[in-house]
Amino acid sequence: MTSTGNDIVALTAISVARTKQPNFYLRIISSVEEELYYSDLQDQLPFEHFVWLAWSVKESIFKCLKRFDPALIFSPSKMRIVELKGTADQFHGTIKFGDQLLYSQSVINNDFIFSIVNDTPDFSETYWDIKKIEFADPTSQSDAVRQFLLERLGQLFPDSDLRITKNVYGWPLVVDRYDELPIPVSFTHHDHFVAYSFQLSDSLWKVHQHHAGVL
Amino acid sequence: MTREEILNELKGVVAPYTANKEALKNLNDQTDLIADLKINSANLVDIIIDAEAKYEIEIDYDSADKMLNVGSCIDVISEKLNQKQ
């Protein structure tokens with residue numbers, strides 16, 4: 001897939017009581033997904049974490065697919081988690097959206113739930129990272145997540161002059177001097193956490209290194 | 001209720017979730033909840049639930065999906081209020 005999508009939910013910024021109200025959580029998960037939780041997952045994570053894990057997975061899918069369909073509307077009720085397996089802090093999911101099957105990986109701890117999605121279960125070409133920041137205002141979040149990504153890309157492409165811009169739909173683009181790199185990126189932030197994901201194939205990285213004279 | 005009355009009340013509904021108080025003061029139909037008010041997407045469900053409680057209406061999933069800017073929020077709330085009468 002030439003896209004990526006990720007999402008982070010700061011667990012310190014959500015209301016547990018509200019998340020447990022059916023009129024709230026049934027806007028994020030379906031009754032079928034609720035059954036999935038009680039049959040397979042209730043020993044592994046609290047219900048409110050399941051709800052927000054579902055949210056982060058579905059939001060990631062939306063970000064991933066909107067790159068191909070700018071008119072796409074985020075509609076969690078139309079996405080269905082058909083399988084979710086894992087340990088206490090890592091989960092792998094399979095999600096059905098229309099005719100498509102997508103795959104997720106999520107990490108969870110006491111502070112946040114973070115998810116990435118792909119159209120295959122193979123995430124070997126998906127890069128991501130999470131960082132805690134001092135200030136949680138929108139400008140600080142936006143600046144911090146861009147700087148965080150540029151630091152990582154700078155390690156992978158040391159001879160480049162990278163910057164982040166936006167396309168007409170507001171999606172972030174990676175630009176090396178004047179050329180857009182074919183590296184889809186996705187940003188997310190919530191409260192004091194920021195994270196990125198990007199998709200980078202081995203072949204693209206080698207081509208770029210070759211052009212830069214590194215390989 | 002007129003659109004203007006709903007607009008003014010909507011300020012109170014979204015206020016707890018926005019950090020951009022300047023955009024809140026200048027709320028209009030085109031104001032985008034995420035891009036302009038900097039509301040985190042995780043709070044969009046809160047806004048729908050709060051609007052349902054405030055106006056004693058039920059907002060179905062398809063209508064909720066459309067509530068991305070102030071104009072569409074007012075459209076949905078107006079429609080549901082009219083259905084109540």
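## Basis of the model

The model is predicted, so that local features need pLDDT of at least 70 and side-chain atom pairs count only at pLDDT 80 or more, whereas totals for chains, interfaces and linings use all residues. Residues are numbered from 1 along each chain as its sequence is written, while chains are lettered from A and ligands numbered from 1 in the order in which they are written.

## Overall fold of chain A

Chain A contains six helices and 11 strands, where helices (H or I, at least four residues) and strands (E, at least two) are DSSP runs numbered from the N terminus. The radius of gyration of chain A, taken over C-alpha atoms, is 18 Å, close to the 17 Å that the globule rule (2.2 Å times the number of residues to the power 0.38) gives for 215 residues, so chain A is as compact as a globular protein of that length.

## Contact with chain B

In chain A, 15 residues are in contact (C-beta atoms, placed from the backbone, within 7 Å) with 11 residues of chain B. Both α2 (22-25) and α4 (47-66) of chain A supply at least two residues each to the side that touches chain B.

Strands β7 (residues 162-166) and β8 (residues 172-176) of chain A pair in the antiparallel sense over five bridges, pairing being assigned if DSSP finds at least two bridges between two strands. K166(A) stands opposite P172(A) in β8(A), and in the turn of this hairpin, which has five residues between its strands, G170(A) has a positive phi of about 90°.

β8(A) is also joined by two bridges to the antiparallel strand β9 (residues 179-180) of chain A, with D179(A) in β9(A) as the bridge partner of D176(A). The hairpin of β8(A) and β9(A) has two residues between the strands, and R177(A) in its turn has a positive phi of about 55°.

Conventions:
Contact = placed C-beta atoms within 7 Å.
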